[in-house]
Amino acid sequence: MARRRQLYEGKAKILFEGPEPGTLVQYFKDDATAFNSEKKGTITGKGVLNNRISEYLMMRLMDIGVPTHFIRRLNMREQLIREVEIIPLEVVVRNVAAGSLSTRLGIAEGTRLPRSIIEYYYKNAALKNPMVCEEHITAFGWAATQDLDDVVALTLRINDFLTGLFLGVGISLVDFKIEFGRLYENEEMRIVLADEVSPDNCRLWDSKTGEKMDKDRFRRDLGKVEEGYQEVARRLGILPEAGVRDLKGPEMMQ
Ligand code: ADP
Ligand code: MG
């Protein structure tokens with residue numbers, strides 16, 4: 001296949017033009033950043049694992065009727081997705097206190113929250129992705145009230161479903177960040193889950209020992225970062241058989 005045109009390089013992924021109009025190829029890198037890019041590094045094999053984990057979780061979500069941008073995985077590091085108009089928000093759901101919620105509000109990490117809490121951050125790296133409220137989102141036109149209603153309804157379903165899915169494999173879904181986009185089809189617009197769902201964007205703790213299996217191992221220098229991601233894939237039953245080292249480079253699967 002001819003080399004595709006690169007459209008965007010982000011912190012964790014690269015977007016290429018897809019084979020058909022309205023499609024993109026999402027390439028998962030091993031690069032890792034934290035604290036709004038203040039900390040940078042690489043996690044060997046992360047891209048392979050996140051590609052596989054995000055594929056799996058998006059497919060399970062599609063099974064229950066959650067619309068997503070995912071079409072199919074192409075190879076170890078790439079997946080075919082539908083191009084959407086990204087809503088410039090990072091939607092965060094929290095079930096247990098951790099990270100910035102704990103530090104900002106003084107709530108001990110690990111405290112179960114009385115109910116799931118949704119937070120919004122404006123996707124703007126120059127402003128360091130500031131937290132915003134619904135009033136900002138609708139007043140500045142980042143999303144219409146109806147769009148935001150859809151985002152909240154989808155987010156709550158995603159949270160309930162993923163919480164159960166992870167609990168079934170001994171993992172507590174503490175919190176996670178997702179992105180949504182607008183997909184236009186036959187004059188209609190639908191809000192769909194976009195980007196990725198992976199240990200880069202979720203806090204995943206072993207439900208018995210509390211051990212962290214997500215990007216906090218990188219953020220907090222806990223070591224065994226790749227092992228954490230690998231353990232998530234292993235428990236989901238999707239550890240790539242060939243291992244995570246794809247030194248041969250991308251290969252078309254289908
Ligand atoms: P960033 O550093 O901006 O977070 P990433 O490395 O995560 O970037 O690369 C993914 C980028 O692609 C993000 O900016 C994300 O909003 C965007 N994106 C994700 N899914 C889609 C999609 N289906 N259509 C268009 N853009 C997308
Ligand atoms: Mg991103």
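Predicted model: local features only at pLDDT ≥ 70, side-chain atom pairs only at ≥ 80, totals over all residues.
Which residues in α1 meet which residues in α6?

1. Residues are numbered from 1 along each chain as its sequence is written, chains are lettered from A and ligands numbered from 1 in the order in which they are written, and side-chain values use heavy atoms, with hydrogens and water left out.

2. Helix α1 (residues 46–63) packs against helix α6 (residues 225–236) at an angle of about 30°, and their axes are 10 Å apart. That makes α1 roughly parallel to α6, a term for angles under 35 degrees, and α1 passes α6 in a left-handed crossing.

3. On the α1 side of this pair stand K46, L49, N50, I53, Y56 and L57, which meet E226, Y229, Q230, V232, A233 and L236 in α6; contact here means heavy atoms within 4.5 Å. By class, the contact of α1 with α6 has eight nonpolar, two polar and two charged residues.

4. With helix α4 (residues 145–167), α1 packs at an angle of about 120°, the axes being 11 Å apart. The two helices α1 and α4 are therefore oblique to each other, and their crossing is right-handed.

5. By class, the contact of α1 with α4 has seven nonpolar, no polar and one charged residues.

6. Around ligand 1 there are 18 residues, of which Y8, K11, A12, K13 and E179 come nearest; a residue is counted if one of its heavy atoms lies within 4 Å. An oxygen atom of ligand 1 is 2.8 Å from a polar backbone atom of K11, and a backbone N or O atom of A12 lies 2.7 Å from an oxygen atom of ligand 1. A nitrogen atom of ligand 1 is 3.1 Å from a polar backbone atom of D195.

Terms used: Axes fitted to C-alpha atoms, helices over the stretch in contact; angles between N-to-C directions. Helix = DSSP H or I, 4+ residues; strand = E, 2+ residues; numbered from the N terminus. Parallel < 35°, antiparallel > 145°, perpendicular 65-115°, else oblique. Left-handed = near helix turned anticlockwise from the far one by under 90°. Nonpolar A, V, L, I, M, F, W, Y, C, P; charged D, E, K, R; others polar. Polar contact = N/O pair within 3.5 Å; in protein donor to acceptor, adjacent residues only side chain to side chain.
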